[in-house]
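Thanks for coming. I will walk through one structure and take a few features in turn.

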Amino acid sequence: LRRYPHATLVMGDFVTQIFVRGMLITLLVVASIELLDLGEGGVGLLNATIGFGSLVGAVGALGLAGGRRLTTVFAIALVGWGLPLVFIGLWPVALLAIAALFVTGVSNAVLDVSGFTLMQRGVRNEDRVTVFGVMEAFLGLGLLTGSLVAPALVAAFGVAGALVAAGAVL
């Protein structure tokens, strides 16, 4: 990883994003039931909204191409992943939450396409398997850690505050 500082930075951003994703898995359940009054069925609706946004984002990401522009797209997608969570925490309205999570879904697809492209371009062929293996290990740890941190955030700051904190990470 020392040989590839740019790829390591992208990897760190991915791990941070998956950490927030781990928090979001828990926070969506609590937000749906306690904050947005959507009940248990709302959990599926909120998750489906992210999925639909990801589908739209994947189609839009087909046109992504090279160089510096791709790093900018990646950075914007990180912000687009986290900022909607802040909005939900600050303005807990069901319709706004649905729109915000659609943006998170779009950003998720764009983040994956731009980030994995940057990783592949930034690492020599002979080192890719090792770098991606390390990345997958860190991603698993990030998801686990985020899912464990979320309940502590809810206990400390409430559901809205936990969403703001989670989104602010990105």
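Where is Leu-83 found? Leu-83 sits in helix 3. Before going on, note that this is a predicted model. Leu-83 has a relative accessible area of 38%, so it counts as partly exposed, the class between 20% and 50%.

Leu-83 also belongs to a nonpolar patch on the surface, together with Val-79, Phe-87, Leu-90, Trp-91, Val-93, Leu-95 and Leu-96. Together these residues have about 740 Å² of accessible area. Two elements give two or more residues to the patch: helix 3, residues 67-90, and helix 4, residues 94-122. Helix 3 gives the most, with 4 residues.

Next, how helix 4 packs. Two packed helices are described by the angle between their axes and by the distance between those axes. For helix 4 and helix 5, which covers residues 125-169, the angle is about 140° and the axes are 10 Å apart. That angle makes helix 4 oblique to helix 5. The crossing of helix 4 past helix 5 is right-handed.

Now the charged residues. Side chains of opposite charge can pair when their charged atoms come close. How many salt bridges does a search of the whole structure find? It finds 3.

One of them joins the side chains of Asp-127 and Arg-3, at 3.3 Å from N to O. Asp-127 is in helix 5 and Arg-3 is in the segment before helix 1, so this pair ties together parts that are 124 residues apart in sequence. Is Asp-127 buried or exposed? Asp-127 is buried, with a relative accessible area of 12%, while Arg-3 is exposed at 58%.

Asp-127 forms a salt bridge with Arg-124 as well, with the closest N and O atoms 3.6 Å apart. Through shared partners, salt bridges join Arg-3, Arg-124, Glu-126 and Asp-127 into one network. Within it, the side chains of Arg-124 and Glu-126 meet at 2.5 Å, N to O. Arg-124 is partly exposed at 42% relative accessible area, and Glu-126 is exposed at 55%.

Two single residues remain. Most residues other than glycine have a negative phi. What is the phi of Asp-37? The phi of Asp-37 is near 55°, a positive value. Asp-37 lies in the loop between helix 1 and helix 2, and it counts as exposed at 67% relative accessibility.

Thr-49 is in helix 2, residues 39-61. With 9% relative accessibility, Thr-49 counts as buried. From Thr-49 to Met-11 is 38 residues in sequence and 26 Å in space, C-alpha to C-alpha.

How values were computed
Residues are numbered from 1 along each chain as its sequence is written. This is a predicted model: local features need pLDDT of at least 70, side-chain atom pairs count only at pLDDT 80 or more; totals for chains, interfaces and linings use all residues. Side-chain values use heavy atoms; hydrogens and water are left out. Patches are made of residues with over 30% relative accessible area and no salt bridge: like charges are joined within 9 Å, nonpolar side chains (Val, Leu, Ile, Met, Phe, Trp, Tyr) within 5 Å. Accessible areas come from the Shrake-Rupley method with a 1.4 Å probe; for residues, only the protein chains shown count as cover. A salt bridge is a side-chain nitrogen of Lys or Arg within 4 Å of a carboxyl oxygen of Asp or Glu. Buried means under 20% relative accessible area, exposed over 50%, partly exposed in between (1.4 Å probe, protein chains only). Axes are lines fitted to C-alpha atoms, for helices over the stretch in contact, and angles run from 0 to 180 degrees between N-to-C directions. Angles under 35 degrees count as roughly parallel, over 145 as roughly antiparallel, 65 to 115 as roughly perpendicular and the rest as oblique. A crossing is left-handed if the near helix is turned anticlockwise from the far one by less than a right angle, and right-handed if clockwise.
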